[in-house]
Amino acid sequence: MSLASLLSSPIEYLKGVGPLRAELLKKELSIYTFGDLLQHFPHRHVDKTKVTPISQLTPEMDFIQVKGVLLGFHTIGEKRSKRMVAQLRDETGNLELAWFQGIQYVQKNLVEGQTYLVFGRLGFFNGKPQVVHPEIEPFVAQTMAQKSLLEPVYGSTEKLKARGLNGKQIGKLTQVLFQQISERDLPENLPAHLLVNRMGRWEAFRQIHFPASQAQYKEALSRLISEELFIAQIRLNLIKIDRHKNSKGQVFEKVGDYFNTFYNNYLPFELTGAQKRVIKEIRQDVAKGFQMNRLLQGDVGSGKTMIALMAMLIAADNGFQSCLMAPTEILAQQHFTSLTELLKEMPVEVAILTGSTKTAERRRILKGLAEDTIHFVVGTHALIEDPVQFKKLGLAVIDEQHRFGVEQRSKLWKKASIPPHVLVMTATPIPRTLAMTAYGDLDYSIMDELPPGRQPIKTVHRYETSRASVMDFVKSEIQKGRQAYYVYPLIEESEKMSYEDLMQGYEQVKSFFPEPTYKISMVHGKMPNDLKSENMNRFKSGDTQILVGTTVIEVGVNVPNASVMVIESAEKFGLSQLHQLRGRVGRGSEQSYCILLSSVKASKEARERLKIMCTTNDGFVIAEKDLEIRGPGDIDGTRQSGALNFKLASLINDRPTMEIAKAEAAAICEKDPNLTMPEHLAIRSFLQTQKTKIGWGKIA
Ligand code: ADP
Ligand code: MG
């Protein structure tokens, strides 16, 4: 049998398994092969070397082991509470053992007066120590010597238990497995220089199941976690290399007049260090001749629009058109306004195309795009509709990507013979560790710096009972000339309810801020686009002081004079959404405030979220907290990624290891992208034995 094939043997061939149990192991635990069983790691070990004197048992103890003489059985209770009890006595005291099931079997197999070793979870019943359904075996002097020091306990399921495969019995199978395999079946897969001070692979697999000591277990765990992360990173690097090899892209070789004129004459502010760095990354990328597929992650207000504009200018310098897609009409309009403003002195033709563009105008734009008289087009989904043809599309910028489906994005491809470079911008911070794994195959830029002069937003949490004083505060801000947002949650399952909530809220706000002293506009998802834009624009222009809305204002809206945001039922929002919303204020030089109103009945977890919001403004910190609270499965956009299903590694606890693995893998793949150097053959042959499970693919 060859090396790989023993581990790939079907699980039914393992002694003690057979077809029935094999079926269940597959269904319940996805264990199909010997190798899968090997990777079904114990979730804990119990220390069975320690024997505690009965008098020293305390309620704080969990699993315990005692040794003593079994005294007489008797049955107590009636019907459903009927149980059999026995006493176990050692030199220091008595422990009660109890059985609710299998009473006859127990009675038949246990012998009064004999010395037993008893193991189980300690409970206290009427103040006396008790173990229910103990594991019990006759004490023989050598028993202790033979025992593996730490006994593994494996995850199992009710169905498996019913078939005689509880956590302990799975351990028996693992033992059988280890009798069949040898070191040759688990050849080393890490290069030698990474093995310095690390446990070898075979040893690590043995010790993680049947450790000789706690210390050995820890070493084994750490070795296998590094391996898991390292291999994952190697994979991502290989995918990236492959993508670069196979994706031809337009070459933007120069930075010319458009860019330079703008940069030297019309740039309204000094770029932040982060903006400069990202521009440079993009410039290098688009000159290489393969398609750029870059994710730009920048916290709200970090100035991503300027990056988009400058990248578009580079495209123009190389004779290419660009499009900028926004998820909503409001945002598209906003981008269009700011681009035209910034470019008003420049010979650049900018157009906007959305669902509400009138027919004649639409015709003019389509013509302009097809003939290359329009350089930049801003728009919504309307941009990817079939009739839109570009003459020379070189760059597609996609703002707030999570609102665009992968499929929609790929439609852009077909708009040019060589696919355009793609820059996806998002303000939804993804924890770095997640990004490194989920998006590790993409080019990836981070803007973690805000433009200077911003004052951190002050965030507070108030209960709804103090709404009146919150309104008073808002009033005082408005009297200073500021503007305010009122946000109501959108409950997706119940649009109708959300709508009613919103209307009620609107009335309530109106009663606090009566017309004509105060003017209020409202936006929500069900509103026709024209009306939405109109109401939005009234707020933007300062005509209304208050904007009441649902989360449609979540993304991208830029009104620097708005300095207060009140979020109603804030407990109903997730952390990243709250952060997005809050990002609508704090955009000017004034002190801004975010007030989170919640019901007094908000859950503990919800209050925890609100507390985090009150303590930090940093989107990356918030994203990390979100990850801690919800776990990786729920983080936006990563749910189906499949990239996060690590067996041992934890994205929260193993971050340092992840960073190391990432650097190690990148260094190796850069030096030896085909893994043909002798020192990398081990990795290569390991990858070949593995089924490729990568499928989360390309973002755009
Ligand atoms: P976001 O990254 O959230 O899309 P925007 O691009 O909307 O952020 O920028 C937010 C605000 O910051 C805008 O008013 C923009 O003009 C301003 N801004 C962007 N970059 C800078 C900078 N380097 N210095 C000062 N203000 C900047
Ligand atoms: Mg933006």
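I started with the shell around ligand 1, whose residues divide into four nonpolar, seven polar and five charged. I note here that the model is predicted.

**Ligand 1**

Which residues come nearest to ligand 1? I looked through the 16 residues around ligand 1 and found Gln275, Gly301, Lys304, Thr305 and Arg454 nearest.

For Asn558 I turned to the side chain, where an N or O atom is 3.1 Å from an oxygen atom of the ligand. Arg587 also uses its side chain, with an N or O atom 3.3 Å from an oxygen atom of ligand 1. On its own, ligand 1 has 560 Å² of accessible area, and the protein covers 82% of that.

**Helices H20 and H21**

I moved on to a helix pair. Two packed helices are described by the angle between their axes and the distance between the axes, so I looked up both. H20 spans residues 575-582 and H21 spans residues 604-615. They pack at an angle of about 35°. Their axes are 10 Å apart. Is the crossing right-handed or left-handed? I have H20 passing H21 in a right-handed crossing.

Then I listed the residues that meet. From H20 I wrote down Leu575, Leu578, His579 and Arg582. From H21 I wrote down Arg609, Leu610, Ile612 and Met613. By class, the residues of this contact divide into five nonpolar, one polar and two charged.

**Two backbone entries**

I checked the peptide bond from Glu515 to Pro516. The bond is cis, with omega near 0°. Where is Pro516 found? I placed Pro516 in the loop between helix H18 (495-512) and strand E18 (520-523).

My last entry is Asp372. Its phi is positive, about 65°, although Asp372 is not a glycine. I located Asp372 in the loop that runs between helix H14 (359-371) and strand E12 (376-379).

Technical notes
Residues are numbered from 1 along each chain as its sequence is written. Chains are lettered from A and ligands numbered from 1 in the order in which they are written. This is a predicted model: local features need pLDDT of at least 70, side-chain atom pairs count only at pLDDT 80 or more; totals for chains, interfaces and linings use all residues. Side-chain values use heavy atoms; hydrogens and water are left out. Axes are lines fitted to C-alpha atoms, for helices over the stretch in contact, and angles run from 0 to 180 degrees between N-to-C directions. Helices (H or I, at least four residues) and strands (E, at least two) are DSSP runs, numbered from the N terminus. A crossing is left-handed if the near helix is turned anticlockwise from the far one by less than a right angle, and right-handed if clockwise. Contact means heavy atoms within 4.5 Å. Ala, Val, Leu, Ile, Met, Phe, Trp, Tyr, Cys and Pro count as nonpolar, Asp, Glu, Lys and Arg as charged, and the others, Gly among them, as polar. A residue is near a molecule or strand if one of its heavy atoms lies within 4 Å of it. A polar contact is a pair of N or O atoms within 3.5 Å; within protein, one must be able to donate a hydrogen and the other to accept it, and residues adjacent in sequence count only if both atoms are side-chain atoms. Accessible areas come from the Shrake-Rupley method with a 1.4 Å probe; for residues, only the protein chains shown count as cover.
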